[in-house]
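Dear colleague,

Please find the structure below, handed over for your records. My notes on what was found in it follow directly after.

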Amino acid sequence: MTTTALPQTSLQIPEHTASAVCEGLASRPKWLPSWLFYDAEGSRLFDQITELPEYYVTRTERSILAARAEEIIGLAAGGDALRIVELGAGSADKTRLLLSTAVDRQDTVFYEPVDVCASALEEARERIEREIPGVIVSPRVQDYTKGMELDPPNPGERRLALYIGSSIGNFEPEEAELLLERVRDALAPGDSLLLGVDLVKDRATLLAAYDDAAGVTAAFNRNVLVRLNRELGSNFDPEAFTHRAVWNRFRSRIEMHLANLLPQTVQIPALDMRLEFSAGETIHTENSYKYQPGQAEAMLVEAGFDPATTWTDEKGWFAVCLARAN
Ligand code: AVJ
């Protein structure tokens with residue numbers, strides 16, 4: 001494949017993307033940050049993943065929330081009115097479930113999704129205000145991994161922060177702990193955090209969830225290269241890379257890699273990079289940490305929360321923890 005490099009001035013290179021790609025692809029082994037998955041096509045593919053029979057994560061968490069929504073909202077509110085903050089721009093029907101339960105109790109609910117992506121927030125606002133009357137959405141464009149600035153709550157109001165969907169699984173354990181501390185710092189005593197974590201389970205179940213028969217996860221993984229080609233003018237041949245999911249039991253994480261089949265040279269004009277890929281060389285694209293029962297609860301206490309209440313499904317595959325800030 002030959003690609004004519006676009007003149008650099010014709011590409012709008014997002015600084016964030018450029019520096020992450022530069023660092024990751026210059027390393028050995030090569031890696032890319034997993035947030036790069038979520039361009040428009042990646043988000044669409046992820047939505048498709050959540051409906052796959054092998055991807056137990058979303059439906060298991062949803063079943064726990066459906067069974068426990070009233071209990072969760074009641075405990076978090078403790079007699080006050082709730083204001084719901086979400087890290088990330090609304091995980092669709094799971095968030096909706098909690099919001100509509102809150103609206104049943106108090107007529108009007110303020111919902112504050114926090115995300116770096118303004119368009120995702122706008123979409124969430126539109127959808128939620130249309131679908132759940134009584135919810136007032138006030139989006140905040142912020143990188144919650146760096147801490148959050150929230151308005152002081154009105155008197156008689158408490159916050160419930162949602163960090164669901166096992167998103168915390170993408171962070172290294174130390175980063176995850178820091179993130180929980182930052183969330184705690186943004187909250188006031190009496191506010192709560194609802195955290196969804198995926199638990200360790202048998203290897204076959206884990207691997208199937210990240211290497212589905214229909215190949216959606218493979219397409220999701222390769223799409224990161226399509227994105228780089230578009231945004232940085234690179235000439236990766238995505239089809240020359242195979243999707244690989246690995247269970248790293250020592251580090252308790254699923255890893256996703258892209259393995260290059262034949263030797264190839266890739267040019268990234270926007271970064272002035274030329275990369276040699278040997279046959280079999282891999283790019284590490286994601287870690288998805290799986291927690292031991294009790295582990296998330298211990299991290300929450302460490303971060304300044306009271307001991308959590310945990311709900312799980314009957315197989316013990318997923319945990320939803322509610323912890324109050326102290
Ligand atoms: C969105 C981070 C929860 O780790 O399960 C799904 C992303 N990657 N399939 C996960 C993902 C491959 C997902 N999270």
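The crossing of α2 and α8 is left-handed, a term used when the near helix is turned anticlockwise from the far one by less than a right angle, with right-handed used if it is turned clockwise. Helices (H or I, at least four residues) and strands (E, at least two) are DSSP runs, numbered from the N terminus. The model is a predicted one, in which local features need pLDDT of at least 70, side-chain atom pairs count only at pLDDT 80 or more, and totals for chains, interfaces and linings use all residues. Residues are numbered from 1 along each chain as its sequence is written, and side-chain values use heavy atoms, with hydrogens and water left out.

Helix α8 spans residues 216-232, and α2 packs against it at an angle of about 160 degrees, the axes being 9 Å apart. Axes are lines fitted to C-alpha atoms, for helices over the stretch in contact, and angles run from 0 to 180 degrees between N-to-C directions. The angle therefore makes α2 roughly antiparallel to α8; angles under 35 degrees count as roughly parallel, over 145 as roughly antiparallel, 65 to 115 as roughly perpendicular and the rest as oblique.

A second pair is formed by α6 (residues 173-186) and α9 (residues 295-302), which pack at about 50 degrees with their axes 9 Å apart. That angle makes α6 oblique to α9, and their crossing is right-handed.

I turn next to the ligand. The residues around it (those with a heavy atom within 4 Å) include Tyr 38, Phe 46, Ile 49, Asn 170 and Met 256. The shell has seven nonpolar, four polar and one charged residues; Ala, Val, Leu, Ile, Met, Phe, Trp, Tyr, Cys and Pro count as nonpolar, Asp, Glu, Lys and Arg as charged, and the others, Gly among them, as polar.

An oxygen atom of the ligand lies 2.5 Å from a side-chain N or O atom of Tyr 210. For Glu 286, a side-chain N or O atom is 2.6 Å from a ligand nitrogen, and for Ser 288 the corresponding distance to a ligand oxygen is 2.7 Å. The elements giving two or more residues to the shell are α2 (40-49) and β12 (282-289).

Finally, a cis peptide bond joins Arg 28 and Pro 29, with omega about -5 degrees.

With kind regards

Key: A polar contact is a pair of N or O atoms within 3.5 Å; within protein, one must be able to donate a hydrogen and the other to accept it, and residues adjacent in sequence count only if both atoms are side-chain atoms.
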